[in-house]
Amino acid sequence: RVLFRSPLADAARLLRDVHAKTDKILVGLSGSKDSITVLDLCVREFGAKNTHAYFMYLVDGLRCAEMTIDHCERRFGITVHRFPHWRLSLIYKNAMYMPHWDGAGEGRRLKQVDIERAARAASGCEWIAYGHRLADSIERIAMLKSCDGFDTKGRRVYPLMRWNEASVYAYLRQRKFPLPPKLLILKRQMTGVGFHEDTLLAIRERFPDDYAKIVEVFPYVESKLARYELKKTSWKQKTYRSEEHTSELQ
């Protein structure tokens with residue numbers, strides 16, 4: 001494939017390649033800035049009537065996720081199909097962050113392809129566009145380079161493959177698209193709601209009603225946060241004592 005200097009031109013080329021095979025497309029909408037950018041690009045290429053999206057939730061109806069999804073539905077006039085996250089089958093089976101309940105381990109463990117199959121059936125689309133980028137991780141580099149952003153066998157396309165974070169922000173500013181809420185992990189924007197301590201703390205502080213819904217379904221996250229905050233307090237105390245000891249030696 002010929003490489004383009006412009007990230008936008010590269011994304012447009014990939015989507016045109018999909019358009020040559022089908023007249024409609026499905027977008028994996030996580031609520032992140034990357035997935036929003038892909039959704040906007042797909043609407044520009046395929047039109048709103050031929051663009052569909054799906055979202056996976058760990059806890060249904062959280063405002064921190066729904067406010068972005070609702071905006072996308074109103075802006076583009078599309079319907080976002082909502083499905084339980086495939087990781088929930090593993091969470092229920094192993095009773096993660098929740099008590100054991102009868103029959104939880106009897107169900108089949110789901111995978112990403114199972115949710116994709118359901119989303120394809122609901123939307124009538126064969127091809128799915130995702131916001132994965134080479135800059136995301138080493139694993140993403142290996143996966144994206146193996147298909148060069150165009151996975152014919154899996155019928156997936158990655159228009160933002162060669163984009164960097166600055167390109168995504170610049171595109172959303174140019175399109176006047178509001179950024180999703182920041183659920184920070186190490187100063188990076190989350191791709192969705194998860195159980196990382198920093199994410200839970202951000203939700204508890206900024207979206208207390210959402211945090212209450214999470215605790216209602218997964219009551220043990222509170223003990224996870226309590227241990228995390230205790231470790232942070234202990235670490236700060238040790239750091240202070242170490243600095244105090246160093247100053248005495250000097």
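A residue counts as buried when its relative accessible area is under 20%. The model on screen is predicted, and the stops below use that cut-off.

Select R133 and D136. These two form a salt bridge, with the closest N and O atoms 3.6 Å apart. D136 has a relative accessible area of 18%, so this residue is buried. R133 is buried as well, at 3%.

Next, select helix α1, residues 7-19, and pick out D10 and R13. A salt bridge joins D10 to R13, with 2.6 Å between the closest N and O atoms. The two residues are 3 apart in the helix, which means that about one helical turn separates them. D10 is buried at 1% relative accessibility, and R13 is buried at 10%. The whole structure holds 19 salt bridges.

Move to strands β2 (residues 51-57) and β3 (residues 80-84), which run parallel and are joined by 5 bridges. M56 stands opposite F83 of β3. Show helix α3 (residues 63-76) too; β2, α3 and β3 make a right-handed β-α-β unit. Then select R82 and E73, which form a salt bridge with the closest N and O atoms 3.4 Å apart. R82 is partly exposed, at 30% relative accessible area.

Finish at H85, in the loop between β3 and α4 (87-93). H85 is buried, with a relative accessible area of 11%. A polar atom of the H85 side chain lies 3.0 Å from the backbone nitrogen of R87. Apart from neighbours within four places in sequence, H85 is in contact with M56, Y57 and L58.

Notes. Residues are numbered from 1 along each chain as its sequence is written. This is a predicted model: local features need pLDDT of at least 70, side-chain atom pairs count only at pLDDT 80 or more; totals for chains, interfaces and linings use all residues. Side-chain values use heavy atoms; hydrogens and water are left out. Two strands pair if DSSP finds at least two bridges between them. Helices (H or I, at least four residues) and strands (E, at least two) are DSSP runs, numbered from the N terminus. A crossover is right-handed if, with the strands pointing away from the viewer, the path from the first strand over the helix to the second runs clockwise. Buried means under 20% relative accessible area, exposed over 50%, partly exposed in between (1.4 Å probe, protein chains only). A polar contact is a pair of N or O atoms within 3.5 Å; within protein, one must be able to donate a hydrogen and the other to accept it, and residues adjacent in sequence count only if both atoms are side-chain atoms. Contact means heavy atoms within 4.5 Å. A salt bridge is a side-chain nitrogen of Lys or Arg within 4 Å of a carboxyl oxygen of Asp or Glu.
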